[in-house]
Structures are given as C-alpha cells and as structure tokens.
Amino acid sequence: MNKILVIAEHMAGVVNTSTHKSVACALLIPDAEVDVAVLAADDKAAMHAAKLAGVKSVINVTRNEFTEFVASTAAPAIAELAANYTHVFAPSTTFGKDVLPRVAALLGVGQLSDIMIVNGSHSFVRPIYAGNALVHIDADPAKKLLATVRIASFQPVTETGDATIETANITASLPTHTRFVERSSADNAGPDLQSATRVVSGGRALGSAENFQLIYKLAKQLGAAVGASRAAVDAGYAANDLQVGQTGKIIAPDLYIAVGISGAIQHLTGIKDARTIVAINKDSEAPIFEVADIGLVGDLFTLLPELQKQLGG
Amino acid sequence: MSKILVCIKRVVDYNVRIRVKPDGSGVITDNVKMGINPFDEIALEEALRLKERGVASEVVVVSIGPAETQQQLRTALAMGADRALLVEHAYAIEPLTAARVFLKLVEKEAPLLVITGKQAIDDDNGQTGQMLAALWDRPQACFASKVEINGNIAKVTREVDAGLETLELDLPAVITTDLRLNEPRYVKLPEIMKAKKKPLETLTLDALGITASKQFNVTKVTPPPVKQKGVMVKDVTELVATLKQMGSL
C-alpha cells in the first residue's frame with residue numbers, strides 16, 4: 001500500500017488548482033491512498049480541500065505561523081507529517097519548488113522535480129534541459145519519495161469528493177528566522193494564467209508597455225489570460241508573474257496565441273502542452289513557427305486590430 | 001567583515017540545442033560549449049555588487065564537478081571573485097549530495113550569505129539551495145529579484161506565481177537567484193590575466209568525508225514527442241476560419 005500526502009497550495013482560504021492537479025498525479029500511483037495536508041491559520045482551506053475527488057483525508061494543521069506561508073517556517077511541520085507516508089507530493093509551482101526540497105533535506109532524502117508521467121509507484125518521467133529531453137527514472141523504493149508535480153501534465157480532479165478532515169498537532173518547533181513582510185500582485189484582471197483555457201502572450205515586438213495593452217484587449221475579447229515572453233518582462237512591458245517559459249510558468253491551455261514572440265527554447269518549453277498554438281510574427285524564420293499549429297506572418301500592429309474586428313463580428 | 005559563498009555549476013551553454021543520444025543513455029555533451037549556469041552567474045554578480053557596496057569583504061566561489069570546471073571557476077575569478085574552491089568529482093551527483101558538500105564548505109568558510117542560482121539549466125532540478133539551507137538550519141529566500149542587506153538582516157524580494165513577495169531573513173542565510181536580480185558583467189581581458197594568479201583550491205568528496213548517495217536511477221533518456229508540422233495561413237480571415245474549423249474558437 002502506498003500512502004501519499006499532497007501538500008496543498010492555497011491562498012485566502014481557497015485551494016489553488018495546482019493542488020487539484022497534484023492530487024490527480026498522486027491518484028495515478030498504483031495501490032495508493034491519497035491525503036492532502038493543509039497548513040493554514042484557519043479551517044477554510046481545509047474545508048475546500050475536503051471536496052477534492054479521490055482524497056481520503058485532509059490533514060489540517062492550523063497555526064498562527066501559517067497565516068502567510070513561509071517555506072523555512074513550514075518545512076519542519078511538513079517533515080513531521082511525512083512520517084506516516086511513503087510519498088509526499090507538492091505542485092511544481094513557486095510554492096512547491098520552494099518548500100519541498102527543504103522538507104526532503106530535513107528528512108535526509110532526495111527529491112524528484114516535475115513529474116510528467118507516472119509509470120509505477122517509483123517509476124516516473126521528468127523533463128530536463130528545458131524539456132528538450134525526458135528522463136525515465138526508477139527511484140529507490142526503500143526511501144521516502146518526495147516529488148513536485150509538473151501541473152501542466154495533469155488535469156485537475158473535480159470537487160465532488162467528501163474527505164474527512166483530521167486535525168493534526170505538530171510537535172516540531174518552528175523557526176522564526178524567516179519572516180513574511182509583504183506580497184504585491186500586479187492587477188491582472190481576467191483568468192488566472194496557470195489554469196486558463198485560453199492564453200494570449202506578447203513578446204518584445206510589442207515595443208512598449210503601452211502597446212502591450214493590445215494583448216490585454218485581445219485577451220479580454222477571447223476570455224483569455226495574458227502571458228508574456230521573458231524579453232517582454234525584462235523590457236518592462238509586462239509584470240514578472242506573466243512570464244511563460246522554463247523559468248516562468250509552464251502552461252497547457254487549449255488555445256495559445258503568441259504575438260510578436262520569436263520563440264526561444266526557454267519560452268517554448270512553457271507552452272509545449274498547449275493544444276493549439278497560434279503564432280503571429282513578422283519574421284517568417286522565427287522559431288515559434290516550428291511549434292505553431294497555425295502561423296501567420298505579418299505586422300502585429302496591423303493584424304491584431306483586424307483580428308479583433310473579425311472576432312467582434 | 002564577512003564573506004559570501006557563491007555556488008556555481010558547469011553546464012551546457014544555454015544557446016546549445018540539446019540532442020538526445022540515439023542509444024538513450026543521455027544527451028550529447030561531447031564537444032559542446034560549456035559555461036557557468038546563467039542563474040549562478042547572476043548569483044555571483046549579486047555577491048560582487050554586495051562586496052562593492054561594502055556589505056561583504058570577500059567573495060568565494062565554489063563548485064562541484066570534473067577537473068574542467070576550473071575553466072568556469074577561472075571565469076568567476078575574472079568576474080571578480082577573490083578565490084575559488086573546486087570539489088572535484090567526475091560524475092553527476094544528486095542535489096542532496098551537492099547540498100551536503102556545500103554544507104561542509106559552509107562549515108569551513110562560515111559565510112554571512114550563500115547565493116546560488118534557483119536552478120541549473122541542465123537538470124532543471126532547482127533544489128540545492130533549499131536543501132543546503134535546511135541542512136544548515138538557516139533561512140532561505142528563493143527566486144530573488146532584489147536583495148538588501150542591513151547588518152544581520154536581509155530583505156529579499158522574490159518572484160512568486162502570485163507576483164512579488166518580500167521576506168526578512170536573519171543572517172546567515174541562503175538566497176537563490178531569479179533572472180531579473182541583475183545583469184552579470186562582462187569579463188575584461190586584463191581581468192582574465194589577473195584571475196590566473198588568484199587562488200583555486202581543489203578538494204574531493206572523500207577528503208570532505210562525503211559519499212555520493214543515489215536515490216534516482218536514470219533508466220533511459222528520450223527525446224520529447226515530435227509535434228506535427230502546423231499550417232501557415234495568409235491572413236486574419238483564414239486564421240479565424242482555421243481556428244473555427246479546429247474547434248478552438
């Protein structure tokens with residue numbers, strides 16, 4: 001019997017879809033029982049987590065220290081919870097990437113990053129070199145398996161479950177050497193980039209933050225989230241949390257429209273799993289056309305208004 | 001005054017298009033251009049700037065890798081690091097082993113700060129900094145885009161999925177760097193000459209009393225699935241029609 005603990009990512013009492021996807025990955029482990037751990041200041045997120053289909057129990061740890069999640073503070077608590085499990089999973093978002101290696105080291109074990117495919121209880125496939133190669137890995141079954149889940153590779157579980165909520169008390173002392181100060185979010189109206197079914201992304205060719213509004217307009221019309229290439233973020237046209245790629249967000253929308261993005265391999269790795277990729281670029285040699293399902297060569301400043309007009313009709 | 005330890009990794013240059021070996025045993029790295037992992041280069045640049053601001057008195061650059069890693073350490077010395085330590089090891093090691101090795105160096109050097117990249121662009125693991133912080137029992141701030149040091153406290157802004165988050169850390173601590181923290185400087189020729197005279201010490205895992213642990217056995221390496229070639233459309237009308245036909249609109 002494999003016992004898997006998924007560490008929930010949540011904010012303001014709402015469990016992030018990355019958790020639903022991590023649970024979906026955990027349920028693919030043969031002969032598995034899946035629990036979800038919620039570390040929070042109150043019960044709200046635990047109540048939400050209890051609805052995740054396939055989850056047996058929600059392990060609820062409420063402490064004031066978890067009002068804001070700080071990896072250095074929470075890691076000893078997660079390490080303590082891990083004692084009863086063969087596997088501990090977390091989403092490969094900045095949340096999971098931050099905390100899980102710390103938990104692994106506290107437990108004296110390694111960690112697997114970015115599970116793409118589950119082939120067995122200790123057998124997985126993960127990407128390396130920005131997804132340009134896939135490694136097939138057999139993990140030592142004698143060791144506890146900690147892993148982050150590449151969320152673009154899994155569909156979220158539904159919210160039709162009814163897991164029991166168990167209260168857990170942590171005896172580990174939690175360090176106070178790392179303190180939350182503040183969080184600021186760019187005001188991104190519209191759907192969340194990581195779970196959106198449609199995404200419109202802009203690149204360096206937009207030329208300015210002002211012109212980048214064209215991307216917002218098209219996205220709004222399509223009910224899409226807005227993304228950006230690294231070049232556009234570096235140039236200050238778009239906020240950092242919009243970056244799509246190897247070091248930004250890895251996304252898997254049904255429709256991805258790349259506007260004025262040349263398509264560096266680091267960007268392409270972030271969109272590989274999109275079902276349909278549309279590329280609009282004035283350079284017909286741009287690498288983005290190698291991965292695009294539909295390519296259109298031309299000046300974005302002419303094509304975008306025309307596209308909006310045709311969609312509006 | 002205090003010391004900053006910067007951990008760097010020798011990796012395939014980020015411009016190289018990686019190819020998988022036909023026998024599935026790995027990726028082709030023979031005669032491929034190598035360099036410092038770009039995130040680690042940013043880590044070094046940040047350490048150098050902190051030194052220039054008078055926050056630190058010495059920047060020590062460390063790495064684990066084959067003998068050829070001396071090239072990357074020499075580049076780091078040319079950028080401005082004061083001295084280098086290479087833990088020579090011919091084979092790839094898992095991040096937990098790397099963190100154990102770095103902990104030994106931390107114990108030896110007693111730095112105020114350890115800075116390293118948030119991930120290496122070869123294995124994309126993104127674990128070593130966090131693991132070192134855990135073993136060292138010190139704070140971590142990952143994906144840093146801004147670092148301020150005031151006495152024994154660091155204020156670090158991090159790039160997280162929700163936007164930007166700021167943490168306050170009691171030093172010593174580990175910081176891992178994101179892309180927008182800084183732009184690393186170019187190395188000038190006279191610096192390369194000078195770097196040849198800077199100290200570079202070589203150690204081994206054995207000498208540090210570390211045995212490489214192995215939890216993850218790579219059974220094969222395969223190329224990603226090949227995508228079907230797409231279609232080119234001539235104008236917006238055809239684009240919209242094609243999207244509708246594919247059920248995407």
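Biologist: Where is B:Asp124 found in chain B?

Modeller: B:Asp124 sits in the loop between strand E6 (113–117) and helix H4 (128–136) of chain B. Please keep in mind that this is a predicted model.

Biologist: What is the value of phi of B:Asp124, and is it positive or negative?

Modeller: Phi of B:Asp124 is near 50°, a positive value in a residue other than glycine.

Biologist: Which peptide bond of chain B is cis?

Modeller: Look at the bond from B:Leu171 to B:Pro172, which is cis, with omega near 0°. B:Pro172 also belongs to a loop, the one between E9 and strand E10 (173–177) of chain B.

Biologist: Which strand of chain A is joined to strand E9 of chain B?

Modeller: Strand E13 (residues 178–184) of chain A is joined by 6 bridges to strand E9 (residues 163–170) of chain B, and these strands run antiparallel. One pair to look for is A:Thr178 with its bridge partner B:Leu169 in E9(B).

Biologist: How many residues of each chain are in contact with the other chain?

Modeller: The contact involves 83 residues of chain A and 78 residues of chain B. Between them the chains bury about 6900 Å², with 53% of it on carbon and sulfur atoms. A:Tyr129, A:His136 and A:Arg179 supply 11% of the area that chain A buries against chain B, more than any other three residues.

Biologist: What does the domain assignment of chain A give?

Modeller: It gives domain 1 (2–167) and domain 2 (198–312). Taken over C-alpha atoms, the centres of these domains of chain A are separated by 31 Å. Their contact takes 5 residues from domain 1 of chain A and 8 residues from domain 2 of chain A. The area buried between the two domains of chain A is about 600 Å², of which carbon and sulfur atoms give 43%. On the domain 1 side, A:Ala130, A:Arg150 and A:Ala152 lose the most area to domain 2 of chain A, together 69% of what that side buries.

Biologist: How many cavities of 30 Å³ or more does a search of the whole structure find?

Modeller: The general idea is that rolling a probe the size of a water molecule over the atoms shows where empty space is left. Here the search finds 2 cavities of 30 Å³ or more.

Biologist: Why does the largest cavity lie between the domains of chain A?

Modeller: The largest cavity lies between domain 1 (2–167) and domain 2 (198–312) of chain A because both give residues to its lining. Among the lining residues are A:Tyr129, A:Ala130, A:Gln246 and A:Ile265, and also B:Val12, B:Tyr14 and B:Ile121. By class, this lining has 8 nonpolar, 3 polar and 1 charged residues.

Biologist: Which residues line the second largest cavity?

Modeller: The lining includes A:Asn16, A:Lys21, A:Ile151, A:Asp192 and A:Ser195. By class, the lining of the second largest cavity has 1 nonpolar, 6 polar and 2 charged residues.

Technical notes
Residues numbered from 1 in each chain as written. Chains lettered and ligands numbered in written order. Predicted model: local features only at pLDDT ≥ 70, side-chain atom pairs only at ≥ 80, totals over all residues. Heavy atoms only, no water. 1 Å grid on protein atoms, 1.4 Å probe; cavity = no way out; pocket = protein on both sides within 12 Å on 5 of 7 lines; lining within 4 Å. Points joined across faces, edges and corners; volume = space filled by probe spheres on them. Nonpolar A, V, L, I, M, F, W, Y, C, P; charged D, E, K, R; others polar. Domains from an automatic or database assignment. Pairing = 2+ DSSP bridges. Helix = DSSP H or I, 4+ residues; strand = E, 2+ residues; numbered from the N terminus. Contact = heavy atoms within 4.5 Å. Buried area = accessible area lost by both parts, 1.4 Å probe.
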